[in-house]
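Good morning, and thank you for coming. I would ask you to keep the sequence and the three-dimensional view open while I speak.

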Amino acid sequence: MIELSNVVKRYGQATVLNNITLAIDEPSIYCLLGRNGAGKTTLLKSIAGYQNITSGTIQVDGKRISTATLDTGVSYIENFAKHLNLPVGKLLRIASEVNPDYDYDFASEMMERFELDVNKKFNHLSLGMKTMVSTIICLASNKSVVLLDEPVLGFDAIMRVEFYDMLTESFRRHPRIIIVSTHIIEEIAKTIQKLIVIDRGSIVFFDTLQSVETKAFSVSGLQKDVETATKHLHVIGKDAVGGLVTAYIFDDPPEQNASLEIHPLSLLDFFIQMVGHKGGTAR
Amino acid sequence: MKAIFAIVKRLLASNAISYIVTLLMVLCATSSGDTVLSNGNYTWLLAVMTPFFFVFYDYAKLMHLGASKKDYCIGCLISYGILAFGISLVNTLIHMLIDPVYPARAVINMMDVCKWTGNNIVVAALQQMFFLLLVMIFLHVLLSMQLYWYGWLTDAALVAIVCIFTPIAALRSVLSNFFQVIMINGNAFLQIGFCLLLSAALSCVGLYVLKRKTL
C-alpha cells in the first residue's frame, strides 16, 4: 500500500509536487498520466526513495520512505537506466542474486519471448532492447510496489504490444501495485485498471478506467442549451466554435434531447480536457 | 546473506581496472641506486583506486538491479576487508621473498617505514591490513560526499588542516602524532585498535551519507 500525505517537493523556487495526498491500496496496474514536466518522474522517484521530498510523508506498506530507507520494498526503473556492461543473461542472473525475491523464471521466459540475445552485452543493445531488459529486471524483482517510468520509450509497435502482455502476465503471477507512467494513452488502456492524472504537481484525477467510460462525455449544442444541461454537472473543459459550444463533463450524462449531442469521451480526449492548458491557464 | 555475497562478488569483479593498473605498476615499476623502493609498495595503489569504482560505478548499477542500500553498505565493507587482506598478503610476500633478492643495499618497503616489521611478520601483515582497511573506508566516505555541499566542506577542512597544521610546530606535532598512532606505530595493539575504531566511526559517517544519497 502506498500512502502519500501532503507531499510537497520543491527545486529552489519551483514546486514540482504540490501538496499531494493519495492512497493506493489495491493491487492493480495503474497508469500515471501527465504532460511533460507535470511531476510524474519526481513522484515516482519520491515513492521509490530515490530522492527526498520537501515536506509531507510517503509510506509504503507502513514503512516511511525517504533516501534514508535502506530497504524500501519498491522497485523503480527509469527509461535510460544504466546497467553493468555485461551479457544480458549474466545481468539477469546477478539481479536474481542481489535480490532474494527475484523471479528468475519469469525473467528467463520474458527474455525468450522478446528474443533477447543472452550473450549480447548490455551496452550493445538498441535503446528499445535496453529498456526492455530494465523493465524485465524491474518486473521480476517481485517487490510489493513496481514503478515503471516511461517504459515504452524506444519500443516499436510490436514491442509495445508484447510489453503490455508482459505487464498483464507479471500482474497475473504476482498481483501487486504496478504504476506505469506513459504518454501513449490509448494503447495501455486495455492493460490498466486505474488511472492517475497529474497536472502541474497536483493529482487531478484518480479513479478506475471504467469511471472514465461511464462518466466522461462531451455535450454539444447551442450555448444556452449546453449551459442549462450542464449547470449542475462537473465540467472539465469547454470549447466554442461560432455559436456552438461543447462542454466536456465528468459526471452522469444529462438527458438526451434534440438540441444536444452527447458523446462518450475517449481516454485521450478526457486526458486532454483534464490537463490541457492554453498559455499556461486552465481551459 | 546470499544477496550480500552476490554484491561482494560483483564489487570485486567490476574492479578489474584497479587490479590491472596495480599489477602493471607492481611488475613494471623500476628504481635504481643503492636504495630502492620495493615494488610491493605499489600494491597499496589498489586500496586507493578501489573506492572510486565502488562509489561512482557500482552503486547506481547495483541499485538498478534491485539491491538494497543496506546490502550495498555491508557488501562494500566486506569487500574492503577482503581487499585489505589480499593487498597485505601480497605485499608481505613480496617483502619476505622478493625484497631480499634485490641487488640494492637497501630496499624500502612501507612495512619497514611504518615500523610494523619490528613485530612478528603475521602481526605486521595484520597491522598493514587494518591500516589499508581504514584508508579504503576513509576514501569511500570522502568520495560518497563529493556530490553534496558537505563533501566540499570536508575537502576544504582537510586541506585547511594540512595547510595550517604543517607550518606551525605545535600543530605539526599533533598531525605527526596522529599518523604515528594509525600508521607509523610499532605497537600493534594500539595501532590496530585505533584503525578499527576510526574505521567503525567512518563507517557510521558513511552510512549517514548513504542514507542521504539520491539516484
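I shall go through the chains, the contact between them, the nonpolar core, and a few individual residues.

Please note at the outset that this is a predicted model.

Let me begin with chain A. The domain assignment divides chain A into domain 1, residues 2-200, and domain 2, residues 215-282. Taken over C-alpha atoms, the centres of domain 1 and domain 2 of chain A are separated by 34 Å. How many residues of each domain are in contact with the other? Domain 1 of chain A contributes eight residues, and domain 2 of chain A contributes five.

An unreviewed UniProt entry places the feature "domain: ABC transporter" at residues 2-225 of chain A. In the model, that span is 33% helix and 31% strand, and its end C-alpha atoms lie 43 Å apart.

I turn now to chain B. Its secondary structure comprises nine helices and two strands. In sequence order, the pattern of chain B reads α-α-β-α-α-β-α-α-α-α-α. Chain B has a radius of gyration of 18 Å, close to the 17 Å that the globule rule gives for 215 residues, so chain B is as compact as a globular protein of that length. Along the principal axes, the C-alpha trace of chain B spans about 55 × 40 × 30 Å. Of the 215 residues in chain B, 39% are buried. Among the contacts in chain B with a separation of 6 or more, 78% are between residues 24 or more positions apart.

Here too there is an annotation from a record. The unreviewed UniProt entry marks "transmembrane region" at several stretches of chain B, including residues 42-60 and 149-168. Residues 42-60 of chain B are 89% helix and 0% strand in the model, with end C-alpha atoms 29 Å apart. Residues 149-168 of chain B are 85% helix and 0% strand, and their end C-alpha atoms are 29 Å apart.

How do the two chains meet? The contact takes 21 residues from chain A and 22 residues from chain B. On the chain A side, strand S6 (74-77) and helix H2 (88-98) each supply at least two residues. Helix H2 of chain A gives the most to that side, with four residues. The chain A side as a whole consists of 12 nonpolar, six polar and three charged residues.

Among the buried residues are Val88(A), Leu91(A), Leu92(A) and Glu97(A). The buried residues of H2(A) pack against helices H3 (104-113) and H4 (127-140) of chain A, together with helices H1 (2-13), H3 (44-64) and H4 (69-98) of chain B.

Next comes the nonpolar core. The largest nonpolar core has 123 residues, of which Ile47(A), Leu147(A), Leu133(B) and Met136(B) touch the most other members. Helix H6 of chain B, residues 121-144, gives the most to this core, with 14 residues. The core also draws at least three residues from each of domain 1 and domain 2 of chain A. Leaving aside neighbours within four places in sequence, Ile47(A) is in contact with Ile2(A), Ile58(A), Val60(A), Ile65(A), Val74(A) and Leu147(A).

I close with two residues whose backbone stands out. Most residues other than glycine have a negative phi. Glu115(A), however, has a positive phi near 50°. Glu115(A) is in the loop between H3 and H4 of chain A, and with 8 C-beta neighbours inside 10 Å it counts as exposed. Arg200(A) also has a positive phi, of about 45°, although it is not a glycine. Arg200(A) is in the loop between S9 and strand S10 (202-208) of chain A. With 18 C-beta neighbours inside 10 Å, Arg200(A) counts as partly exposed.

Conventions. Residues are numbered from 1 along each chain as its sequence is written. Chains are lettered from A and ligands numbered from 1 in the order in which they are written. This is a predicted model: local features need pLDDT of at least 70, side-chain atom pairs count only at pLDDT 80 or more; totals for chains, interfaces and linings use all residues. Domain bounds come from an automatic or database domain assignment. Two residues are in contact if their C-beta atoms, placed from the backbone, lie within 7 Å. Ala, Val, Leu, Ile, Met, Phe, Trp, Tyr, Cys and Pro count as nonpolar, Asp, Glu, Lys and Arg as charged, and the others, Gly among them, as polar. UniProt positions are given in the numbering used here, feature names are shortened, and annotations may be inferred rather than shown by experiment. The radius of gyration is taken over C-alpha atoms; the globule rule is 2.2 Å times the number of residues to the power 0.38. A residue is buried if 20 or more other C-beta atoms lie within 10 Å of its own, exposed if 12 or fewer, and partly exposed in between; C-beta atoms are placed from the backbone. A nonpolar core is a set of buried Ala, Val, Leu, Ile, Met, Phe, Trp, Tyr and Cys residues joined through C-beta atoms within 7 Å.
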